[in-house]
Amino acid sequence: RVHFSGGGSLDLLGEEAEMAAQLEAVEPGAGAAYGEMLAAARAALRVGVPAFIARNHRSLGDFLDPRRLLPLLPEVGNPLDLLIPLDDWLRRFFRDPKLRALFTFQTLYVGLSPHTAPAAFSLLPASELTDG
């Protein structure tokens, strides 16, 4: 359960339909957006681990090499979207700041702010919610 400073709380639920219903009660459309957000985060995890995490990068150019980014397009759309701040990425799915906070506090585990952590970190809440 996540408690908010202004009052109220939300539960992190492993059952996707229950979680979507809870979010929908806070913000109309957020239930469907949750499914879209999870799909995007799962895709980032599926392609991000082998393309970025499991590889050594000697330079920014190596990291952003188009030969490596182009194959990711069918899976994640624009892979550079994974480099924008996580909070900005989540604004595509949720307007309510409490909902965005629900999916960004996990960046604190690694000492990052959701306002500066790249959207690739969306894999943290997605894997926490779907894989336990």
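F103 is buried, with a relative accessible area of 1%. That is under the 20% cut-off for a buried residue. Y34 is buried as well, and its relative accessible area is 1%. The model is predicted, and the mean pLDDT of the protein chain is 84. Of its residues, 98% reach 70 or more.

**Aromatic pairs**

Five aromatic pairs occur in the structure. One of them joins Y34 and F103, with ring centres 5.7 Å apart. Their planes stand at 25 degrees, so the pair is stacked. Y34 belongs to helix α2, while F103 sits in the loop between α7 and α8. The pair therefore ties together parts that are 69 residues apart in sequence.

F105 and Y109 make an edge-to-face pair. Here the centre-to-centre distance is 6.1 Å, with 85 degrees between the planes. F105 counts as partly exposed, at 24% relative accessibility. Y109 counts as exposed, at 53%.

| Pair | Centre to centre | Angle between planes | Class |
|---|---|---|---|
| Y34 and F103 | 5.7 Å | 25 degrees | stacked |
| F105 and Y109 | 6.1 Å | 85 degrees | edge-to-face |

Y34 and F103 also belong to one aromatic cluster, together with W89, F93 and F94.

**The core**

The largest nonpolar core has 23 residues. Those that touch the most other members are L23, Y34, M37, W89, L90, F94 and F103. At least two residues of this core come from each of α1 (16-26), α2 (30-53), α6 (86-90), α7 (97-102) and α8 (123-131). Helix α2 gives the most, with six residues.

What does Y34 touch, leaving aside residues up to four places away in sequence? Its contacts are L13, E16, M19, A20, L23, F94, F103 and L129.

**Helix α1**

Which residues of α1 are buried? They are M19, A20, Q22 and L23. These four cover an arc of only 160 degrees around the axis, which puts them on the same side of α1. The face turned away from that buried side carries the exposed residues A17 and A25.

**Confidence**

Within the protein chain, α1 has the highest confidence, with a mean of 94. Confidence is lowest in helix α5 (residues 73-76), where the mean is 73.

Notes: Residues are numbered from 1 along each chain as its sequence is written. This is a predicted model: local features need pLDDT of at least 70, side-chain atom pairs count only at pLDDT 80 or more; totals for chains, interfaces and linings use all residues. Side-chain values use heavy atoms; hydrogens and water are left out. A nonpolar core is a set of buried Ala, Val, Leu, Ile, Met, Phe, Trp, Tyr and Cys residues joined through side-chain atoms within 4.5 Å. Buried means under 20% relative accessible area, exposed over 50%, partly exposed in between (1.4 Å probe, protein chains only). Contact means heavy atoms within 4.5 Å. Rings of Phe, Tyr and Trp (its six-membered ring) pair if their centres lie within 6.5 Å; planes under 30 degrees apart count as stacked, over 60 as edge-to-face and the rest as tilted. pLDDT is the predictor's confidence in each residue, from 0 to 100. The arc is that of the directions from the helix axis to the C-beta atoms.
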